[in-house]
4 protein chains.
Amino acid sequence: MPPADAEPYRTSLGTSSPDAIRLLGHDLTEELMGSVSFADLAFWLVALRRPTAGESRLFNAVLVALTDHGFTPIVLAARLTLLGAPEAVQGAMAAGLLGGGSRFLGTTEDTAAFLADGLAREAGRADLDALAADLVRERKAAHRTVPGLGHPLHKDGDPRTSVIHRIAEEEGVAGPHLALLAAVGRVHPAILGRTLPVNGAGVCGAALADLGIPPGLVRGVALVARSAGILGHLAEEMRDPIGRRVYDSVDRNAEYVAPDPG
Amino acid sequence: MPPADAEPYRTSLGTSSPDAIRLLGHDLTEELMGSVSFADLAFWLVALRRPTAGESRLFNAVLVALTDHGFTPIVLAARLTLLGAPEAVQGAMAAGLLGGGSRFLGTTEDTAAFLADGLAREAGRADLDALAADLVRERKAAHRTVPGLGHPLHKDGDPRTSVIHRIAEEEGVAGPHLALLAAVGRVHPAILGRTLPVNGAGVCGAALADLGIPPGLVRGVALVARSAGILGHLAEEMRDPIGRRVYDSVDRNAEYVAPDPG
Amino acid sequence: MPPADAEPYRTSLGTSSPDAIRLLGHDLTEELMGSVSFADLAFWLVALRRPTAGESRLFNAVLVALTDHGFTPIVLAARLTLLGAPEAVQGAMAAGLLGGGSRFLGTTEDTAAFLADGLAREAGRADLDALAADLVRERKAAHRTVPGLGHPLHKDGDPRTSVIHRIAEEEGVAGPHLALLAAVGRVHPAILGRTLPVNGAGVCGAALADLGIPPGLVRGVALVARSAGILGHLAEEMRDPIGRRVYDSVDRNAEYVAPDPG
Amino acid sequence: MPPADAEPYRTSLGTSSPDAIRLLGHDLTEELMGSVSFADLAFWLVALRRPTAGESRLFNAVLVALTDHGFTPIVLAARLTLLGAPEAVQGAMAAGLLGGGSRFLGTTEDTAAFLADGLAREAGRADLDALAADLVRERKAAHRTVPGLGHPLHKDGDPRTSVIHRIAEEEGVAGPHLALLAAVGRVHPAILGRTLPVNGAGVCGAALADLGIPPGLVRGVALVARSAGILGHLAEEMRDPIGRRVYDSVDRNAEYVAPDPG
């Protein structure tokens, strides 16, 4: 019997021989370097096809929208980690990405999945407003928030939302996820009794779903975008640090309270 | 005395108000989304200036070169982590990036620093071959390897090296780091007694240094590139997993040996 | 209005003054160092009370049971990360812990939560076998596995299970979670039509729940135990490495297959 | 030629068969669970021998000393990560450990290595004060700090230092590293012109070295201790969170400054 390892490990990504490097079935140096942009390669790695020019413009706009939101918990964790391990940039970047869970970045993925589930259930349904109303009513009945709605700061409208819709329209790549999210934006006030903005994370998730990114990878795309934002913050922390001041501001205000085992 | 926190936390990156989001001094939605590519934004976040078109092409080529090298230890760590925590993509991506230390990805940064140090010491020196020879001789005398030389597989020449040089020349953005690394490639055989290829990681580090990325951030740029490669592998692992087979192939071949406290 | 930071950050854990360090309301150097074991301190930090001697023996047994299971995906990720970043032990350890998600280590927490939910719903119910049968039937009806049952290797009985029960009995600290899990072990064959072992992770989760560890922290306790196991593997990797061989065994067997965008 | 994988992966740690689990050459369930404490097992995994009772007491005291120092950057990174990913406790713990680099926790390892190097160079030298003076003079001449000296808060003496020495003496396990560090504490004022305390991290590193932990693993031992402290903070963050307040305190005080590309 041949050893189990005689069975190869299949991959469609990078492989190398002594004189050539291949990636996604193309010669890395002859066909990709200098010819494909990094963002298009990132898209290709996940969607397994090269984006069109219009898809690329929307994909880049989404990545740009998701790159940095200032002093977020993610960024603070990365900067505080650099303070303790300045020699290991990879650790600080990893620490930042680890905050990209169900809250904050998770909204991109939750919205994509919410919209994809709705569309899958009601394939071919012409009246998106009626579908959106059903979905919002279901969430309300289940006492759950509606993914993609609401923002703690941009209460009267998230400025990213209309821009993503506009670029998708300009490039002719707007699809059913963006359309359904817009319908959710239209119909929810009558059902929920208040008007919430469609948020930037949600519209980015819808755009990525329209571009063909599987919902289970939408958060991963947001993490790639965020890795560049974290690097920007680590660069700034090296030039003009705030980590120690943040630490001191908490440590100085610490107050001991007796533990209560409940 | 005002509280220490009355002193603001300065940043040149993202800030938000209820109706606008700013990044690097520009309005995110009006000036950046749809207008700047993700790679250019990543460059901007680190170099604090927008790249020219020629710089952008070289920067993208470097990122593309660094994105994926197949089943590397980084990728295997990410895939094995996904096996144990499939619900936390951010953890698998972080686990992968954590292998981006002194070996493998570190070569980019080591080469950039090696070249920058050489150039700083010998500012204005016209004869790069003589400078390169001095640097190689010093490393040899110290029994240290020369950063940017050698590759376990591409022994007769790393195909990425000439492409990076060509693109840098085409775009008119080749600078002293690439020139010095080429000189190292020319002069080292006579000193070391054998001919080593200038490797892809090294030439990427030199190109990033010529583009103005500080050496201490070169590895961070490589990590951003690699985050997209890791995501591609996680997407593939979800479609066509190998993690459990890798685990089994090791576990099945485990052999107990008595501990030796030395 | 005073600044928000005038409000202190409360903690019951560590605080320091120039001449004393306090932890959990005790003087670290006068009352804890040399007097409390590390495991008891770990328990105390989570349960907010010092364990009794009997609780301590069971808690230590659980930690010992969870420390290492050989060449697991967690351990391989840690060793492969050390290969790429040997200078950053913290990164290798973190990479290992990141695999401590819903699979493998998650069984401890899933079992604790499953048992706690069952007990909460049926408080005071004397007949644990009847309760266990209801719980197993519900999982079966929902096409879900029963937490704590089954093991890929120890099919005829996990040797850890009886030992945890025995120690809990010896120390008089066996409680309703262990009892309910034992009932699940008794009643499930008739319902599921096959006999599965109560696994070690499950019995450890039940024991931790009986000791008063909140279910949401059970996996965290397992991670503390595993951190020691990972360190043992990193020590072994430094002495007698396998990381590069694992990498080579996969990379050498890589086979390119054309991507299929589906 | 047999496949490379025919060669087994050697380990002295955990191995399993259907009816037994072995660890360090012992039967896990028959010989270890209930019989060896978790801290002793952690020691054993690194030192490859079981500690004596006296060694165990000192080892536990060191672990207890290193477990928690309040609202450190490590703890803040962990808590901020939990805020973004409350479903992934392993990510928050990993984020915390990633700050265990060259600063803070690194002092344990730096001190152990500094003392071990000094002792190795001067094996058998009876006069430790003279050796210590040489070592301190060398660091001064090289404009480097002396590992193990100095503390930002405990300026007049770190309360942990004398306790570690006392326990080591009581248990008869004090060795040359602790003795040399004490000598450094005695002789440095005359050389440096000021009196610095021997700090807790340094004395813990010396004690671990005396116990036979290789210097390259000392930081890893500190990380195991810290994992319990981080878990305590994550438990507290779940009960009484501060993460969002820390985030708000920074974000609210953010001030945009124009980027300066230098």
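Reader: How much area do chain A and chain B bury between them?

Author: Buried area is the accessible area (1.4 Å probe) that two parts lose on being put together, summed over both. Here chain A and chain B bury about 7000 Å², 67% of it on carbon and sulfur atoms. On the side of chain A, Tyr9(A), Met33(A) and Phe38(A) lose the most area to chain B, together 11% of what that side buries. This is a predicted model: local features need pLDDT of at least 70, side-chain atom pairs count only at pLDDT 80 or more, and totals for chains, interfaces and linings use all residues. Residues are numbered from 1 along each chain as its sequence is written.

Reader: How many residues does the contact take from each chain?

Author: Contact means heavy atoms within 4.5 Å. Chain A gives 85 residues and chain B gives 85 residues.

Reader: How many salt bridges does the rule find across this interface?

Author: The rule asks for a side-chain nitrogen of Lys or Arg within 4 Å of a carboxyl oxygen of Asp or Glu. It finds two between chain A and chain B. Arg10(A) forms a salt bridge with Asp240(B), with the closest N and O atoms 2.8 Å apart. H11(A) gives the most to the side of chain A that touches chain B: 18 residues. Helices are DSSP runs (H or I, at least four residues), numbered from the N terminus.

Definitions and conventions: Chains lettered and ligands numbered in written order. Heavy atoms only, no water. Helix = DSSP H or I, 4+ residues; strand = E, 2+ residues; numbered from the N terminus.
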